[in-house]
Amino acid sequence: MKKRKIEVVVISDVHLGTHGCHAEELLAYLNSIQPKKLILNGDIIDIWQFNKRYFPPSHLKVLKKIIGMASRGTEVHYITGNHDEMLRKFAATSIGNFNIANKLVLNLDGKKAWIFHGDIFDVSIQNAKWLAKLGSYGYNLLILINRFINWCLAKMGREKYSLSKKIKNSVKGAIKHINDFEKTAADLAIEKNYEYVICGHIHEPKKELYENKYGKTMYLNSGDWVENLTALEYSFKRWRVYQYNYDKLLPFFVDEDLKEMDMNELIVSITEERKVKPSNMNEKSLGNQGLTQDGDGM
């Protein structure tokens with residue numbers, strides 16, 4: 001299968017090492033793409049719930065695939081989250097094309113993208129980590145129960161059902177938490193003059209233009225690979241939310257935004273992309289394409 005060439009891919013909340021992780025689907029997705037930059041936006045490995053008795057081969061294959069992508073020229077940025085916070089002691093570490101950081105700022109075609117996991121906005125994690133960890137174990141148990149229910153539904157020829165989504169959508173506190181999270185991230189991005197703010201953490205994939213009296217920004221969330229199986233993709237100056245369950249391995253061109261794009265601009269973008277070989281993706285060539293890393297802080 002011919003791989004899709006994408007400028008930037010963002011995935012988060014994979015939770016390798018837990019029963020809820022859809023590692024095989026993620027591996028299928030990673031095998032279908034050839035990104036210039038791969039951003040792992042937190043909670044990739046669930047160290048909170050890590051158990052040496054449960055780390056299936058498919059989970060290990062995901063890690064091997066990511067390392068392999070880095071060795072073949074993809075610039076990989078591992079941004080730490082709360083479930084893999086132990087890696088924060090290694091922030092600013094780089095090994096070849098593999099980098100670990102707590103946050104990242106990219107220049108994408110002249111627009112700044114502010115990327116971080118988002119757990120900094122979660123009061124329960126900051127003030128009562130034990131409670132957050134307890135909730136994490138409860139969530140994992142709920143996912144296990146949900147898998148059994150969906151297995152039964154599949155046997156009966158019925159559609160899958162998400163218990164966690166049903167609970168989140170019916171609890172006013174959960175809805176408010178998500179809305180407050182998105183508003184806080186967007187307001188801070190506008191204050192810091194970022195055109196894009198990209199988070200994970202809350203397992204709610206989204207792409208939405210946010211505006212207040214001081215300006216506007218595009219809020220993006222990469223979702224997760226436990227329930228939603230989503231990623232963010234940036235190509236041809238456009239962001240889209242990739243949904244594995246709906247898009248499968250369809251090409252990027254199905255994005256509605258591209259229908260509005262000038263044909264000459266599209267042809268130039270494709271032509272320029274073909275001129276750059278993965279082996280030549282050094283910092284100088286990335287800088288010429290407007291994809292240099294900015295060291296601006298949070």
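Glu 182 is buried, at a relative accessible area of 9%, where buried stands for under 20% relative accessible area, exposed for over 50% and partly exposed for anything in between (1.4 Å probe, protein chains only). The model is a predicted one, in which local features need pLDDT of at least 70 and side-chain atom pairs count only at pLDDT 80 or more, while totals for chains, interfaces and linings use all residues. Residues are numbered from 1 along each chain as its sequence is written, and side-chain values use heavy atoms, with hydrogens and water left out.

Helices (H or I, at least four residues) and strands (E, at least two) are DSSP runs, numbered from the N terminus. Lys 206 is partly exposed, at 24% relative accessibility. Glu 208 also forms a salt bridge with Lys 206, the closest N and O atoms being 3.2 Å apart, and Glu 208 is partly exposed, with a relative accessible area of 37%. Elsewhere, salt bridges with shared partners join Arg 4, Glu 233, Arg 240 and Asp 247 into one network.

A further salt bridge brings together the side chains of Arg 88 and Asp 119, at 3.0 Å from N to O. This pair links distant parts of the chain, 31 residues apart: Arg 88 sits in the loop between strand 3 (75-79) and strand 4 (93-95), and Asp 119 in the loop between strand 7 (111-115) and helix 3 (123-127). Arg 88 is partly exposed, with 29% relative accessible area, whereas Asp 119 is buried at 6%. By the same rule, the count comes to 8 salt bridges.

The backbone also deserves a look. Most residues other than glycine have a negative phi. Ala 92, although not a glycine, has a positive phi of about 80 degrees. Ala 92 is found in the loop between strand 3 and strand 4 and is exposed, at 73% relative accessible area. Leu 229, not a glycine either, has a positive phi of about 55 degrees. Leu 229 is placed in the loop between strand 10 (215-221) and strand 11 (230-235), and at 3% relative accessibility Leu 229 counts as buried.

Conventions:
Salt bridge = Lys/Arg side-chain N within 4 Å of Asp/Glu carboxyl O.
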